[in-house]
Amino acid sequence: MAGEKNVGLVLLDFWVSPFGQRCRIALAEKGLPYEYVEENIMAVKSDRLLRSNPVYKHIPVLLHDGRTITESLIILQHLDQVFPDTRPLLPADPYERAHARFWADYVDKKVYGSGSKMYTEPQMQTNIEMVDILKTLERELGEKEFFGGEHGFGFVDVALIPFTAWFESFDRYSFKKKSFDRYWGVKVAEVAPKLVSWAARCQERESVSNSLYSPEKVYDFAGMMRKDFGIE
Amino acid sequence: MDHQQEKVQLFGMWASPYVYKVKWALSIKGVEYEYVEEDLWNKSRQLLKHNPVHKKVPVLVYNGKPVAESDVIVQFIDDVWKGHGGRILPEEPHERAMARFWARFVPDKLSPPIWKWFTTAGGEEQDAAHDAAMEQLRVLEEELAHGGNEFFAGDSVGLVDLSLGALAYVIPMYEEIIGERLVIEERFPSLYAWMGRFLAAPPVKDHLPPMEELKLRFRAIREYFVKNA
């Protein structure tokens, strides 16, 4: 980004990681320039990654003037604090902040928790669990344009949007029993139509469209991972 | 913030470490609150109304508005009662980020092998869990020793201490029940000292669960798991 003040940010990331994508979206929303470093975590991890995140050895890692911050939601909150003149992701009111943190935690625990099973389970089980999760998110979104409500696109939106690329995979990897096809497959558009519209609205933001990959690419990646795990 | 007319309620359960985490946070801030004990086999309508998503304790209700998830609650307490009592999260941004990181380390990396060790019958599997727990304790020991403070981020109980907190009384209980040591003073001098310091700290010492009852409960839990292995 020519002419931008160098604020000394480096992001160690991996293209398809939803956690890395959260950081990319946040940095773009805040108009913060940074150096993007692709870490091929499927192969040998770089020395820099291992040094900067010795505990978990995973991405994303944000390097800011040589100091490291890890865990995507921690990185997001850090950016809010260190660059207060940029678009905030979290609201200022304590209760609203708690509300946003609660739902971001829900995404981590439930959406990631259940969704990541598509990499490791031979058949995504009934996915009544995932249907329940989607319905819960649908209810929380309600009639709001974004999860951030009157504050617009915010913390929870950033936390959740990268996982929408997994929706396609939920659908196609769901357990499909011949006679119960409609029930067992997780047709997200039927279960959570408001969420689908929300995802489309998010995609209209440059920060999002520049950071996410097509559902097809994610589906292909999931297929590759499943082969690696010896599932197909 | 006007703290005159506020009403604070905490929905909890006597054995839950997450509930104690919140109690200690409220204690750090000197907040007065009403405590409501829940029977988790027969959850109250109020609890289900306040936490419809997870239906769990702890839930803090502040002027009628519920906050759930202990980590979220603790940060909420730090925000609302800013300037009162002790500071729970550090001020400096990088230190704050590190506190949040280490607070997550406990449930994500440390607690699982400790729980596995406690709920597995003696043998290879249990030994492996014990070793895994020791490995994570080593990481924490290094972090604590490196800081050189009384508590993780300074001289008073903060976010990381609260996150690790319950293990200060749970680990010795597990050690007694299983008959095997985990946090040996010679191996983990900083952690061992921290445990004693934490249990004696002002916000903690008068807010601990009934130990004998808890021990009985844990014994029953271990028996259950070992039997149903």
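**View 1. A:Cys202 and A:Cys23, two cysteines kept apart.** The sulfur of A:Cys202 has its closest cysteine sulfur 16 Å away, in A:Cys23, and that is too far for a bond. Here a disulfide means a pair of cysteine sulfur atoms within 2.5 Å. (Buried is under 20% relative accessible area, exposed is over 50%, and partly exposed is in between, using a 1.4 Å probe and protein chains only.) Search the whole structure, and zero disulfides turn up over all chains.

A quick note before moving on: this is a predicted model, where local features need pLDDT of at least 70 and side-chain atom pairs count only at pLDDT 80 or more, while totals for chains, interfaces and linings use all residues. Residues are numbered from 1 along each chain as its sequence is written, chains are lettered from A and ligands numbered from 1 in the order written, and side-chain values use heavy atoms, leaving out hydrogens and water.

View 2. Among contacts in chain A with a separation of 6 or more, 69% link residues 24 or more positions apart, a contact being heavy atoms within 4.5 Å.

View 3. At the N-terminal end, B:Glu92 caps the helix, with a side-chain oxygen 3.2 Å from the backbone nitrogen of B:His94. Helix 4 covers residues 93-119, and at 1.5 Å a residue its 27 residues should span 39 Å, which agrees with the 39 Å between its end C-alpha atoms. (The expected span is 1.5 Å times one less than the number of residues.) Further along, a kink of about 45° lies at B:Ser111, shortly before the proline B:Pro112. That bend is the angle between axes fitted to the seven residues ending there and the seven starting there.

**View 4. B:Lys23, a buried lysine in helix 1 of chain B****.** B:Lys23 sits in helix 1, residues 17-29, and has a relative accessible area of 14%. Not counting residues up to four places away in sequence, B:Lys23 touches B:Leu10, B:Tyr33 and B:Tyr35.

Terms used
Helices (H or I, at least four residues) and strands (E, at least two) are DSSP runs, numbered from the N terminus. A polar contact is a pair of N or O atoms within 3.5 Å; within protein, one must be able to donate a hydrogen and the other to accept it, and residues adjacent in sequence count only if both atoms are side-chain atoms.
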